[in-house]
Amino acid sequence: MPSAIASVIIASSSAVAKVFVIGAIGYASANYPKGNPILPPYAMGAVSKMNFYVLALPLIYATLASSVTPEKLGPLWFVLVSGAVVISLSYGVATLLGKLPFFHVENKVDFDALRVAAAFPNIVSLPILIFPTLCEYAVVHDAFFEGDPDTSTEVEKFKSCVDQSNAMIFVYFFAWNFLYWILGYPILVSAGRKRQVHNETSVPSSAGRLSVPDGTVQTVETAIANESNNDEEGDNQQQSSNEVDDAKTEKKFENTNRCIKESQNDAPLESEPSILQVILHAFKQTLTSPGFLAMVLGFITGCIPPLRDALFEPGSSLRFLGSALESLGQAGTSVGTLVVAASLVHQVNDDGLDEVEHLESKHDNVAIHDTESQNICHSNVDVGESRVAMPSEICSPTQSAPRATSYNHEVRRSSMSRRSSVSQFGSMVKRRSSIALAAIRKRKPTIRMHAWFIFSRLIVAPAVICLIIVGMDCGGILSGISPLAKMVIIVNAGLPGAQLIVITLKSKGLSGSASIVAQVYLPSYLLSVVTIAAWTSVGLIVSIPDEDGLSFCNR
């Protein structure tokens, strides 16, 4: 028995080490070479899309089509139901643990988003790398093999272990996907929008004020008016004109703000969807997803023996097609882990945000410059009771200068003052945007938040699931269930949070919540090196029968 436990620990440690070696390569690819990394932030979307459609879908189809038979469909119901139970219990554990004084998360908005992240683990890209490595060890594939061990080779036992575990993982993913659209997605988006509203209402109040050298604080409009008055002090006629212009500008700002508020008040409120609508939406999203369609086609192919044999039996007529799908799927497991590791780096650093901010700033500068030039060159200006056109030397410097007149001089000075006001207003807008972005970046999860998330996702939730499985197994409830199915449930319960949470928030423009979740993810993924190995060892000890075929409770 001690030798079997040592073999189990070695197998689980080796499987987890393989995953994190590939993850370390993805981390390095996202950082090096400096300034031009192998996996830059702007390429992550295209690489992720390619990995899913070109590599992951063939993996799902080929795995189910080659391994699932009508006789093997029976035990999969346990995986499907258990997947829903694990996610629901994980959400409940995160909620209850967050109410305790030591783990209490004060910010309710962040708490709601992180509860969803704690409930939905990364149950595809990590397990499909862990289980093939586990199945390489005789202590694992011998225990989980359901055929005749005397007439089967080690290669056949290994392939059966891998195919069955992958089939259970994808069935588990179906339950994960369905509950995500019913429970996770609405709560996550609602929390992200609340965080966005909070950022928009709190940051501008301080960002809209300008500091002056003497330590006082002035509003933007006051600063613009004071600078205009200082530049034109001593010229009463011009000062009067500027006051009129400033009054008009301020009135325009007030009217614009009033119109925005009225439009927001008059806009019809979106009605909350009913429970039936949420369930129907979840069914639609799940049933129309490419992953589900690949699963259905895989099940159909597996249940048609002539078609299955033609695709996956050596030397058959369609073997070239089945072999191509299997080769693509094998590449998808490693590429998926690389994408997860690189995405964590870019999400925490917000690298993509810097590039977008630079492009937007450049675009805004060009737009402001063009707008000022057009306003100066094509607008008429009030001078006294008459309206005169702008002098031609401002619009076309190459043309000859017109005869200098007193009102032309006054108009030119008025236009330059107006342009200075517009420039300061543009600077104020950019400064407020910069402060808002800086506020998002400076928001860091607290130590208590990190501790709560790690304990709920990596320790407490898998411990509860493991105790439930042991209790049901000792009570005889799971006597007819495959030991491999128990193993899949325990391992999936102890995985870190899914990357889809961060992707969903960013796709909705909810950068505040996305940043917090990504920062919480990073230490949890690093610590999961230890916790995944530990729970994998526990799962093997609980699920693998001993030499006499006795389960954990009957030893």
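A: Happy to. A disulfide here is a pair of cysteine sulfur atoms within 2.5 Å. Bear in mind that this is a predicted model.

Q: How many disulfides does a search of the whole structure find?
A: The search finds 1 disulfide. C135 and C161 form it, with their sulfur atoms 2.0 Å apart.

Q: What is the handedness of the C135 and C161 link?
A: The link is left-handed, with -60 degrees about the S-S bond.

Q: Which parts does the pair tie together?
A: C135 lies in helix 5 (residues 127–135) and C161 in helix 7, so the pair ties together parts that are 26 residues apart in sequence.

Q: Is C135 buried or exposed? And C161, buried or exposed?
A: C135 is buried, at 0% relative accessibility. C161 is buried too, with a relative accessible area of 3%.

Q: What about C303 and C466?
A: C303 counts as partly exposed, at 32% relative accessibility. C466 is buried, with a relative accessible area of 7%.

Q: Switching to rings. How many aromatic pairs does the structure hold?
A: It holds 16 aromatic pairs. Take F103 and F455: their ring centres are 5.3 Å apart and their planes are at 50 degrees, so the pair is tilted.

Q: Where do F103 and F455 lie?
A: F103 lies in the loop between helix 3 (76–99) and helix 4 (108–119), and F455 in helix 17 (residues 447–474). The pair therefore ties together parts that are 352 residues apart in sequence.

Q: How accessible are F103 and F455?
A: F103 counts as buried, at 10% relative accessibility. F455 is partly exposed, with a relative accessible area of 36%.

Q: What kind of aromatic pair do F111 and W452 form?
A: A tilted one, with 5.2 Å centre to centre and 50 degrees between the planes. F111 lies in helix 4 and W452 in helix 17, so this pair ties together parts that are 341 residues apart in sequence.

Q: F111, buried or exposed? And W452, buried or exposed?
A: F111 counts as buried, at 5% relative accessibility. W452 is also buried, with a relative accessible area of 0%.

Q: How many residues of helix 4 are buried?
A: 11 of its 12 residues are buried, so helix 4 is mostly covered by the cut-off of under 20% relative accessible area.

Q: What does helix 4 reach from its first C-alpha to its last?
A: Helix 4 reaches 16 Å, close to the 16 Å expected at 1.5 Å a residue.

Q: Back to rings. Which residues do ring pairs link into a cluster?
A: F120, F173, W176, Y180, W181 and Y185.

Q: Which residues line the largest cavity?
A: F173, F174, N177, T286, S289, G291, F292 and M295. Helix 7 (154–207) and helix 11 (290–302) are the elements that give two or more residues to that lining. By class, the lining has 4 nonpolar, 4 polar and no charged residues. F173 is in the cavity lining and also in the ring cluster.

Q: What volume does the largest pocket have?
A: About 1600 Å³. Of the 48 residues that line the largest pocket, the closest to its centre are S48, F52, Q499, L500 and I503.

Q: Which elements give two or more residues to the pocket lining?
A: Helix 2 (44–67), helix 7, helix 11, helix 13 (319–349), helix 14 (351–378) and helix 19 (500–507). Helix 2 gives the most, with 10 residues.

Q: How does the lining of the largest pocket split by class?
A: It has 25 nonpolar, 19 polar and 4 charged residues.

Q: Last topic, I544. Where is its place?
A: I544 is in the segment after helix 20 (511–543). At 8% relative accessibility, I544 counts as buried.

Q: How far apart are I544 and V8?
A: They are 536 residues apart in sequence and 9.6 Å apart in space, C-alpha to C-alpha.

Technical notes:
Residues numbered from 1 in each chain as written. Predicted model: local features only at pLDDT ≥ 70, side-chain atom pairs only at ≥ 80, totals over all residues. Heavy atoms only, no water. 1 Å grid on protein atoms, 1.4 Å probe; cavity = no way out; pocket = protein on both sides within 12 Å on 5 of 7 lines; lining within 4 Å. Helix = DSSP H or I, 4+ residues; strand = E, 2+ residues; numbered from the N terminus. Nonpolar A, V, L, I, M, F, W, Y, C, P; charged D, E, K, R; others polar. Points joined across faces, edges and corners; volume = space filled by probe spheres on them. Phe/Tyr/Trp six-rings, centres within 6.5 Å; stacked < 30°, edge-to-face > 60°. Buried < 20%, exposed > 50% of the residue type's maximum accessible area, 1.4 Å probe, protein only. Expected span 1.5 Å × (residues − 1).
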